[in-house]
Amino acid sequence: MTKVKKSSNKYKLDAKEQFLIETGISDYNGIKPRMNKKYKQIGRFTEILSDKLTQSGAMNQKRVKVIDIGAGKGYMTFAIYNYLAKHNLDPVIHAVDLNEELMKLGNENANKCGFENLSFISGFADQYSGLAYYDAVVSLHACDTATDDALFMGLKMKSKVILCAPCCQKEVLVSLKEKKSLTKFISNGLFLHKMADLITDNARVMLLQSQGYHVDVIDFVASEHTQKNTLLAATKKSGKKPAFYEKYKSYKSEIGFDGIKLEQMMLDEGLLG
Ligand SMILES: C[S@@+](CC[C@H](N)C(=O)[O-])C[C@H]1O[C@@H](n2cnc3c(N)ncnc32)[C@H](O)[C@@H]1O
């Protein structure tokens with residue numbers, strides 16, 4: 001069952017936390033005006049992650065393990081570590097990104113903050129082999145198919161929670177343009193981009209459901225804080241539900257797109273058999 005929810009913003013992140021200063025979101029006067037949007041995004045994302053970890057029972061564990069895909073400068077990675085550490089959950093958090101410089105900076109900042117189990121690792125998400133299991137896989141605006149890499153990682157290891165806010169989905173757009181199934185009706189480029197985003201995310205929801213995940217689709221912050229404010233929040237509830245993959249296949253052929261990277265990775269791994 002998929003729900004659409006609006007954001008609420010209950011969680012208040014202290015603007016003077018050291019990690020906010022080290023990562024450049026705050027200075028000693030508080031949040032820098034140009035960083036206010038990122039501050040809102042990471043606060044709300046952390047709040048939703050905490051709700052989902054609580055519902056899944058992970059907040060009762062001694063240790064919670066999280067991986068952040070496409071972490072960039074690590075604003076959100078630090079926010080999650082800070083939150084879990086303050087709740088005595090002895091977090092282990094790994095962050096992966098292509099950008100070597102940012103991963104080096106992330107490790108330096110983690111040292112300065114005394115976040116000893118926070119590590120930044122450079123590399124492609126789909127080639128990363130870290131721990132065999134993470135309780136939660138998260139990604140905030142990881143580009144294009146890096147979101148599929150994050151979703152796949154969570155599905156493969158049956159993580160309790162998978163939380164992804166997708167960004168710049170390109171695969172389906174190419175497919176729609178080639179097949180002309182929708183382009184013959186939609187000539188405006190912006191509409192077509194929005195349609196491709198929507199089709200991609202809806203496909204991701206069905207593939208998550210096929211593995212027994214309950215998915216909430218959330219407008220996680222107000223659109224003035226980011227245009228990319230869709231969040232797929234998935235929690236593991238049951239074993240596989242193959243009917244959702246059948247539904248996905250009909251959807252793919254009726255809309256007229258070739259499929260998405262997540263499906264191919266799941267097929268290769270035998271998850272959809
Ligand atoms: C828009 S930034 C978001 C950064 C961060 N999550 C945030 O919200 O501030 C996207 C990041 O994804 C990384 N990225 C893109 N494709 C990737 C891939 N295939 N594997 C790992 N990282 C990737 C980029 O290097 C970039 O740092």
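Because the model is predicted, local features are reported at pLDDT of at least 70 and side-chain atom pairs at pLDDT 80 or more, while totals for chains, interfaces and linings use all residues. Residues are numbered from 1 along each chain as its sequence is written.

The mean pLDDT (the predictor's confidence in each residue, from 0 to 100) of the chain is 91, and 95% of the residues reach 70 or more. Two residues are in contact, or touch, if their C-beta atoms, placed from the backbone, lie within 7 Å. Where pLDDT is low, the predicted coordinates should not be read in detail.

The chain folds into 9 helices and 10 strands. Here helices (H or I, at least four residues) and strands (E, at least two) are DSSP runs, numbered from the N terminus. With a radius of gyration of 18 Å, close to the 19 Å from the globule rule for 273 residues, the chain is as compact as a globular protein of that length. The radius is taken over C-alpha atoms, and the rule is 2.2 Å times the number of residues to the power 0.38. Along its principal axes, the C-alpha trace spans about 55 × 40 × 35 Å. Among contacts between residues at least 6 apart in sequence, 73% join residues at least 24 apart.

Of the 273 residues, 45% count as buried. A residue is buried if 20 or more other C-beta atoms lie within 10 Å of its own, exposed if 12 or fewer, and partly exposed in between, with C-beta atoms placed from the backbone.

Attention can now turn to the ligand. The shell around the ligand holds 19 residues, and the closest are Gly70, Gly72, Ala125, Leu140 and Ala146. Two or more shell residues come from each of helix 3 (75-86), strand 5 (92-97), strand 7 (136-143) and helix 5 (146-156). Strand 7 supplies the largest share, 4 residues. By class, the shell has 12 nonpolar, 4 polar and 3 charged residues. In this scheme Ala, Val, Leu, Ile, Met, Phe, Trp, Tyr, Cys and Pro count as nonpolar, Asp, Glu, Lys and Arg as charged, and the others, Gly among them, as polar.

In soluble globular proteins, nonpolar side chains tend to be buried together. The largest nonpolar core of this model has 78 residues, of which Leu49, Ile80, Ala136, Val137, Ala150 and Leu163 touch the most other members. Helix 3 gives the most to this core, with 8 residues. Such a core is a set of buried Ala, Val, Leu, Ile, Met, Phe, Trp, Tyr and Cys residues joined through C-beta atoms within 7 Å. Leaving out residues up to four places away in sequence, valine 137 touches Ile67, Ile69, Ala150, Met153, Gly154, Ser159 and Ile162.

Helix 5 is mostly covered, with 10 of its 11 residues buried; among them are Asp148, Asp149 and Phe152. The cover over these buried residues includes strand 4 (65-69), strand 7, strand 8 (161-167), helix 7 (189-209) and helix 9 (261-269). Lysine 158, which follows helix 5, has a positive phi near 55°.

Asparagine 88 has a positive phi of about 55° although it is not a glycine, and its place is in the loop between helix 3 and strand 5. With 8 C-beta neighbours inside 10 Å, asparagine 88 counts as exposed. Histidine 141, in strand 7, has a positive phi near 60° and is partly exposed, with 17 other C-beta atoms within 10 Å.

Two buried positions complete the picture. Alanine 233 is found in strand 10 (residues 230-236) and counts as buried because it has 25 C-beta neighbours inside 10 Å. Beyond residues up to four places away in sequence, alanine 233 touches Ile48, Lys52, Leu163, Val215, Asp216 and Ile218. Leucine 176, in helix 6 (residues 171-179), is buried, with 22 other C-beta atoms within 10 Å.

Conventions:
Near = placed C-beta within 6 Å.
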